[in-house]
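This report describes a two-chain model, moving from overall composition to individual elements. The sequence and structure are shown first.

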Amino acid sequence: MKFEARLARLEAIAQQLESGELELSRALALFEEGVEQLRAAADELTKAETRVQQLAERANGTFDVIEPRE
Amino acid sequence: MTPRRAPRGAEGSDLDLFAPDSPPPPPPSPAPRTPSTRRSARPPEPERADAYPGETAQSAVTVSMLAQAAHDVIEGAFIPLWVRGEVSDFKAHRNGHWYFSLRDRTAQIKCVVWSRDQRGVPASPDDGMQVSAFGRLSVYAARGEMQFTVVRIEAEGDGLRRKALERTRARLEADGLLAPERKRPLPRFPRVIAVVTSLDGAALHDIVAVLRRRAANVRLIIVPAKVQGDSAPLELCAALDRVNRWGKADLVIIGRGGGGREDLWAFNDERVARAVAACDVPTISAVGHEVDMSICDLVADVRAPTPSAAAEAATRSRAELQSELKKLSLRMGSAARATVRHESDRLRHLQRDVAAASAELVQRRRSDLQDVAGRLHALSPLSTLARGYAVARDEQGATLSDVAAFRDDMPFDLVVRDGVVPARVRRRGSTPGNPEAT
């Protein structure tokens with residue numbers, strides 16, 4: 001799941017929980033899912049990195065992504 | 001009028017101001033300073049075989065030769081230079097060339113800008129503008145006029161650039177490219193950001209630095225292009241086109257670091273603006289510093305004051321996202337706790353309700369019982385006994401109410417008001433059919 005989707009799911013879970021209209025069992029299941037999503041998202045964040053590359057076009061109009069010269 | 005070659009080099013030796021059938025230039029004369037003084041100093045003498053061209057009526061030069069000589073003298077005497085004056089009689093001819101005069105209070109000179117030299121001029125000057133024009137002085141033989149051949153014009157207060165900007169802006173506006181409703185929102189989490197800028201410029205350096213500092217989870221794809229100079233507009237357009245054809249970017253940043261007005265000029269080019277508008281993905285324009293506003297900025301979906309600001313607008317930092325996760329976690333936790341609290345409150349209420357209901361039930365049953373007891377009491381034989389009657393019961397407690405129930409010698413109990421009297425049936429015989437109690 002993409003980070004963006006996780007964040008959206010977490011937002012939806014929080015909203016549902018905050019609505020106060022859930023049965024206890026449903027609320028607890030959602031909470032559990034939320035905790036799982038939070039952990040996955042936090043994991044993803046610690047692995048985040050910025051890559052810098054360069055686009056190069058071949059003579060035939062196709063593309064290469066290459067490492068830029070320093 | 002046919003387009004003529006414009007003077008390029010300092011020598012002007014390849015000039016050809018004459019019509020194709022005009023005679024070749026005259027032999028170089030021994031450089032008379034001014035033909036008029038020469039003529040007055042040396043009246044013509046007829047019939048001299050060795051007379052130099054123009055010395056006598058017989059050796060008269062042609063008009064063309066004279067004009068060419070004047071041309072050569074003028075071109076040889078002036079290097080290209082800047083001339084200041086006011087523009088008047090401006091005319092953009094349909095052949096593509098511009099004609100106007102430069103004047104001050106006491107003199108004027110005819111000027112021309114060949115169409116191919118107009119690239120060096122942001123916009124055509126208007127009558128009345130104070131300008132400085134760079135070019136070289138020449139002679140237009142067909143009219144016998146001096147002509148200043150202009151290749152660059154700078155207007156006072158940068159008027160020409162402002163005029164060019166306004167025109168470009170008006171054209172883009174007419175095509176709806178500046179409409180606010182065209183602005184697309186930026187993706188919240190772009191994975192691939194294309195940056196169209198110069199490989200060795202400050203902009204790229206700043207953008208990379210910001211992304212690394214923020215630990216943004218992105219791939220930055222550099223799409224190199226020159227950002228200043230004559231070839232910059234086309235290179236920028238080509239780079240933007242490449243981004244579209246590659247098709248994998250979520251977002252494009254186009255820009256460059258700060259520089260002089262002229263350095264930033266490529267970003268005011270209409271072709272670049274249209275290429276930005278034609279981008280398939282949202283665009284951020286970051287040209288120069290805060291104060292620099294370019295046409296490219298107007299067309300892009302978002303205008304960032306600097307390349308660094310563009311990088312910040314495009315991405316979200318790790319710290320920012322972590323705090324967002326923290327907030328979500330707090331919200332979920334307190335909502336879940338509230339739900340649990342709510343449920344346990346409900347449970348407590350239920351308990352109380354059940355207890356209250358059962359107490360009430362017991363109470364009701366009790367009063368029902370008393371009711372029945374009262375009614376039972378009314379029916380009880382005990383009250384009859386109290387009035388002096390007795391009841392006979394056999395040893396099992398069954399009521400003996402018929403004579404036939406009494407057998408000879410049978411023991412039984414006689415229940416009276418205040419107790420039980422043991423008794424026995426006497427042998428019958430004396431009074432048949434009437435057993436006798438003892």
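How much of chain B counts as buried? Of its 438 residues, 28% count as buried, a residue being buried if 20 or more other C-beta atoms lie within 10 Å of its own, exposed if 12 or fewer, and partly exposed in between, with C-beta atoms placed from the backbone. The model is predicted: local features need pLDDT of at least 70, side-chain atom pairs count only at pLDDT 80 or more, and totals for chains, interfaces and linings use all residues. Residues are numbered from 1 along each chain as its sequence is written, while chains are lettered from A and ligands numbered from 1 in the order in which they are written.

**Confidence and composition**

The predictor's confidence in each residue is given as pLDDT, from 0 to 100. Chain A has a mean pLDDT of 88, with 99% of its residues at 70 or more. Within chain A, helix H2 (residues 24-47) has the lowest confidence, at a mean of 89, and strand E1 (residues 51-57) the highest, at 92. Chain B contains ten helices and 13 strands; helices (H or I, at least four residues) and strands (E, at least two) are DSSP runs, numbered from the N terminus. Residues are in contact if their C-beta atoms, placed from the backbone, lie within 7 Å. Among contacts in chain B between residues at least 6 apart in sequence, 62% join residues at least 24 apart.

An open sheet of seven strands runs in the order E2(A)-E1(A)-E7(B)-E6(B)-E8(B)-E9(B)-E10(B), with mixed pairing. Strand E2 (63-66) of chain A and strand E10 (302-303) of chain B are at the edges and have a single partner strand each, so one side of each lacks a neighbour in the sheet. Helix H4(B) packs on this sheet, where it touches E1 of chain A as well as E6 (192-197), E7, E8 (251-256) and E9 (283-287) of chain B. The direction of H4(B) makes about 160° with that of E6(B); angles run from 0 to 180 degrees between N-to-C directions, and axes are lines fitted to C-alpha atoms, for helices over the stretch in contact.

Between the chains, E1(A) and E7(B) run parallel and are joined by four bridges, and A:Val52 has B:Leu220 as its bridge partner in E7(B). Strands are taken to pair if DSSP finds at least two bridges between them.

**The interface**

The contact between the chains takes 32 residues from chain B and 30 residues from chain A. On the chain B side, the elements that give two or more residues are H4, E7 (219-224), H5 (232-246) and H9 (318-379). H9(B) gives the most, with 15 residues. By class, the chain B side divides into 20 nonpolar, five polar and seven charged residues. Here Ala, Val, Leu, Ile, Met, Phe, Trp, Tyr, Cys and Pro count as nonpolar, Asp, Glu, Lys and Arg as charged, and the others, Gly among them, as polar.

| Strand pair | Bridges | Bridge partners |
|---|---|---|
| E1(B), residues 81-92, and E4(B), residues 130-140 | six bridges | B:Val83 and B:Ala133 |
| E11(B) and E12(B), residues 411-416 | three bridges | B:Arg393 and B:Asp413 |

The hairpin of E4(B) and E5(B) has four residues between the strands, and B:Gly144 takes a positive phi near 65° there. A three-stranded open sheet has the order E11-E12-E13 (chain B) and antiparallel pairing. Its edge strands, E11 (391-393) and E13 (419-424), pair on one side only, and the twist averages 30° from one strand to the next.

**Helix packing in chain B**

The axes of H4(B) (residues 202-214) and H8(B) (residues 307-314) come within 8 Å and cross at roughly 35°. Residues in this contact include B:Ile207 and B:Val210 of H4(B) and B:Ala310 and B:Ala311 of H8(B). By class, the contact has seven nonpolar, one polar and two charged residues.

In helix H6(B) (residues 270-277), the buried residues include B:Val272, B:Ala273 and B:Val276. The buried residues of H6(B) pack against H3 (159-174), H5, E8, E9 and H7 (295-299) of chain B.

Methods
Contact = placed C-beta atoms within 7 Å.
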